[in-house]
Structures are given as C-alpha cells and as structure tokens.
Amino acid sequence: NAIKTVEVKHEKLKIKVKGLKARHEIKSRKIKKLHANNQELDRKVLKLESVGKQQIKRFDVNIKKNQAEFNAEKKKVKEKVTGFETEQAAKNKEIQRVQADNQGLRRKVESLEAELKNIR
C-alpha cells in the first residue's frame with residue numbers, strides 16, 4: 001500500500017511538473033515575444049530619431065537660407081535708401097543753388113528797376 005501511495009504521489013508530482021513545465025514554456029515564449037517587440041520598438045525609435053535629426057538639419061538649412069535671403073534683401077533696401085537719400089541731398093543742394101540764383105536775380109531786377117526809376 002505504501003508503494004502504491006508513493007507511486008500515486010509520484011504520478012501526481014509528474015503531472016504537476018508537466019503543468020509547471022508547460023506554464024514555464026508559455027511564459028518563456030511570451031518573454032521571447034516581448035523581447036522581439038521591444039527590439040522592433042527600439043528600431044522604430046532609432047528610425048524616428050534619425051528622421052527627427054534629418055528634419056532638424058533641413059529646418060536649419062532652410063532657416064539659414066531664409067536668413068541669407070533676408071539679409072540680401074535688407075542690403076538691397078539699404079542701398080536703395082542710401083541712393084534715395086543721396087539723390088534727395090543732391091536735389092536739396094540744387095534747390096538751394098536755384099534759390100540763391102533767384103535771390104541774385106531778384107536783386108538785379110530790383111537794381112535795374114531802381115535804375116529805371118532814376119532814369120525816368
């Protein structure tokens with residue numbers, strides 16, 4: 001009887017061990033699947049990081065290009081303003097010269113009118 005009891009216990013333990021092995025195998029497969037998923041996610045993260053870096057580089061290039069275009073346009077505007085100011089200064093000098101000539105001519109006219117009055 002004792003042998004049969006031991007054999008029954010032994011069989012129960014064998015069944016229990018098989019169940020534990022099966023659960024262990026299932027958990028091992030789940031762990032492997034999780035590792036595979038983690039590796040895939042790591043690859044995706046690396047790809048996204050790479051794409052992000054490329055976009056940042058592209059933005060930097062665009063910003064530098066836009067800044068260069070802005071600076072060139074700003075320089076053109078400054079040159080136009082300087083040209084306009086120079087032209088305006090020249091016109092102002094011309095106006096002053098003409099006004100001075102007009103004053104001189106007015107004096108001559110007044111002088112000639114005075115002479116004319118004296119002659120009459």
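The structure, a predicted model, holds six salt bridges. The chain that carries them contains one helix and zero strands. With a radius of gyration of 51 Å, well over the 14 Å that the globule rule gives for 120 residues, the chain is more spread out than a compact globule. Along the principal axes, its C-alpha atoms fill a box of roughly 170 × 20 × 10 Å. Of the 120 residues, 0% count as buried, and carbon and sulfur atoms contribute 59% of an accessible surface of about 12,000 Å². The chain bears 34 positive and 17 negative charges, whose mean positions are 19 Å apart.

Among the salt bridges is that between the side chains of arginine 43 and glutamate 40, with an N to O distance of 2.8 Å. Both residues lie in helix H1 (residues 2-119), three residues apart, about one turn of the helix. Arginine 43 is partly exposed at 48% relative accessibility, as is glutamate 40 at 34%.

A further salt bridge links lysine 91 to glutamate 87, the closest N and O atoms being 3.3 Å apart.

Glutamate 94 is partly exposed at 39% relative accessibility, and arginine 97 is partly exposed at 44%. Through salt bridges that share partners, Glu94, Arg97 and Asp101 are joined into one network.

Notes:
Residues are numbered from 1 along each chain as its sequence is written. This is a predicted model: local features need pLDDT of at least 70, side-chain atom pairs count only at pLDDT 80 or more; totals for chains, interfaces and linings use all residues. Side-chain values use heavy atoms; hydrogens and water are left out. Helices (H or I, at least four residues) and strands (E, at least two) are DSSP runs, numbered from the N terminus. The radius of gyration is taken over C-alpha atoms; the globule rule is 2.2 Å times the number of residues to the power 0.38. Buried means under 20% relative accessible area, exposed over 50%, partly exposed in between (1.4 Å probe, protein chains only). Accessible areas come from the Shrake-Rupley method with a 1.4 Å probe; for residues, only the protein chains shown count as cover. Lys and Arg count as positive and Asp and Glu as negative; His and the chain ends are not counted. The place of a charge is taken as NZ of Lys, CZ of Arg, CG of Asp or CD of Glu. A salt bridge is a side-chain nitrogen of Lys or Arg within 4 Å of a carboxyl oxygen of Asp or Glu.
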